[in-house]
Amino acid sequence: GRIYVAFADQGDLDADPLTGHDNLDIFVIASDDGGATWTALHDSPKKVGADQVRVNDDIGGASQFFSWLDVDQATGRVAVSWYDTRNDLATGNDDAQYFAAYSTDGGFTWSSNFQVSDGTSNGHAAGSFNLGDYTGLAYAGGVMHMTWSDNSNSTSDNPDGALAANDAYYDALR
């Protein structure tokens, strides 16, 4: 009966319009009353702001965005996946990998984040900072099935080569 929503929001949560807001984080909120209130995670040790729980565990000003969430109906575990620029060594916050985490306790705490994609994609190189805007996650039978747009050519089969047009990538993890 719990409803979950994953979203990206500024990481500093200071409401100061003069502060740079390049640091987006992934948050999860939940409702146990059909969406009337979103306070189901208010007792979480990872709660920040208005009863949301931060999922990404990086430190610094990297952005996380385009999250996807699913609940494994067999186990009750919750998983979230997203693009993440934590390993961008240059300026621009535009070199991204695909990351994920899961919760075994209804969203109160989250696993350490793990990188799913093998390579690093660059949204700017794909044209107009385009990573495809869409990702996917299905969590079933203890397996996370994820798909994302990627131009790293980490599998050496992108017909356009590295850092050109995006291809769709898929991985399944237990």
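Modeller: Strands E10, E11 and E12 form an open sheet in that order, with antiparallel pairing. A strand (E) is a DSSP run of at least two residues, numbered from the N terminus, and two strands pair if DSSP finds at least two bridges between them. The model is a predicted one, in which local features need pLDDT of at least 70 and side-chain atom pairs count only at pLDDT 80 or more, while totals for chains, interfaces and linings use all residues. Residues are numbered from 1 along each chain as its sequence is written, and side-chain values use heavy atoms, with hydrogens and water left out.

Strand E10 (136-140) and strand E12 (167-173) are at the edges of the sheet; each has a single partner strand, so one side of each has no neighbour there. Strand E11 (residues 143-150) is joined to E12 by seven bridges, and within E12 it is alanine 168 that stands opposite serine 149.

Elsewhere, E6 has partners in two other strands. With strand E5 (residues 64-71), E6 pairs in the antiparallel sense over six bridges, and valine 71 has valine 78 of E6 as its bridge partner. Six residues lie between the strands of this hairpin, and glycine 76 takes a positive phi near 80° in it. With E7, E6 pairs in the antiparallel sense over seven bridges; here valine 80 has alanine 101 as its bridge partner.

Is E6 enclosed or open? Because seven of its seven residues are buried, E6 is largely enclosed by the rest of the structure. Buried means under 20% relative accessible area, exposed means over 50%, and partly exposed lies in between, for a 1.4 Å probe and protein chains only. Val78, Val80, Trp82 and Asp84 are on one side of E6, and Ala79, Ser81 and Tyr83 are on the other.

Val80 and Trp82 also belong to the largest nonpolar core, which has 15 residues; they are among those with the most contacts inside it, as is Val28. Such a core is a set of buried Ala, Val, Leu, Ile, Met, Phe, Trp, Tyr and Cys residues joined through side-chain atoms within 4.5 Å. Strand E2 (24-31), strand E6 (78-84) and strand E7 (95-103) each supply at least two residues of this core. Beyond its neighbours within four places in sequence, valine 28 is in contact with residues including Tyr4, Leu69, Val80 and Trp110, where contact means heavy atoms within 4.5 Å. In soluble globular proteins, nonpolar side chains tend to be buried together.

Methods
Helix = DSSP H or I, 4+ residues; strand = E, 2+ residues; numbered from the N terminus.
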